[in-house]
Amino acid sequence: MKLPRRLLRVLLVAACVSPVPILAGQTTVGLHGGLTRATFSDLDAPVEQEARSGIRFGVSATVPVSGSLGFRFAGSYVQAGGGFALPNIFEFAPSIAPVDSPDGTVAAVARRVTAGLNLDYFRFSAQARAALPLESSSVAIYFLAGPFAGFRTACSMSIAEQGVSISADCDEADVELSTTDFGLSGGAGVEVSVSNSMGVALEALYDLGLKDLEGAKTRVFSIVAGLVFSL
């Protein structure tokens, strides 16, 4: 029996406008990359911080447990660290008497010095993934939370004063910091399916280091985008 032409047209239009089902309930792998803003937490010294801008990229695999719950395992290259703006020397040592400069000011003595510590890591994370139920089957909003462990791949420091900057590797500068880091990571994301086997995702992530690195702990905020493929 042949279907009426009007019914065929209705079915064709419905197929074109129907949302592609999201990749929920499937094991997926993802490629992601984006930008980071890094500072330190729990600082011992009273200094003004300056954020370090960097990059983040890596791969992930998500294993479903139920329709909305799963676990995500990821390996990422993450740039952490941060900068410091040292205050006036007289704020550190009020007993030091200012020395007058030839023009009658102390500007030559009270110079502003900035220092930076750049730490690059390869981090492994294991996160629980919980998705919100939505009416649209092509869009998913989800939350991530879990621990991470990091292994340092690079470390450098810099000092700048009045336009003059000096940088060196941490080993050359005899700066001894742990080569490992660990902490907690969390965030939220949205995933949009573009086909039965692929989707695009946008995430906001926050990594809080828990290991003391000589009086400071890492802290990184990231915005990443990526592609998700079902297996």
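Tutor: The chain of this predicted model holds 2 helices and 10 strands. The chain has 231 residues, and 33% of them count as buried. Its exposed surface comes to about 13200 Å², with 64% of that area supplied by carbon and sulfur atoms. Among contacts with a separation of 6 or more, 70% are between residues 24 or more positions apart.

Now to the part you asked about. The sulfur atoms of two cysteines in a disulfide are joined by a covalent bond. With a cut-off of 2.5 Å between the sulfur atoms, the count here is 1 disulfide. The partners are C155 and C170, with an S to S distance of 1.9 Å, so the pair falls within the 2.5 Å limit. The torsion about the S-S bond is -65 degrees, which makes the link of C155 and C170 left-handed. The two cysteines are 15 residues apart and sit in distant parts of the chain. C155 belongs to strand β6, which spans residues 139–161. C170 lies in the loop between β7 (164–169) and β8 (180–193).

As for exposure, buried means under 20% relative accessible area. C155 has a relative accessibility of 7% and therefore counts as buried. C170 has a value of 1%, so C170 counts as buried too.

Key
Residues are numbered from 1 along each chain as its sequence is written. This is a predicted model: local features need pLDDT of at least 70, side-chain atom pairs count only at pLDDT 80 or more; totals for chains, interfaces and linings use all residues. Side-chain values use heavy atoms; hydrogens and water are left out. Helices (H or I, at least four residues) and strands (E, at least two) are DSSP runs, numbered from the N terminus. Buried means under 20% relative accessible area, exposed over 50%, partly exposed in between (1.4 Å probe, protein chains only). Contact means heavy atoms within 4.5 Å. Accessible areas come from the Shrake-Rupley method with a 1.4 Å probe; for residues, only the protein chains shown count as cover.
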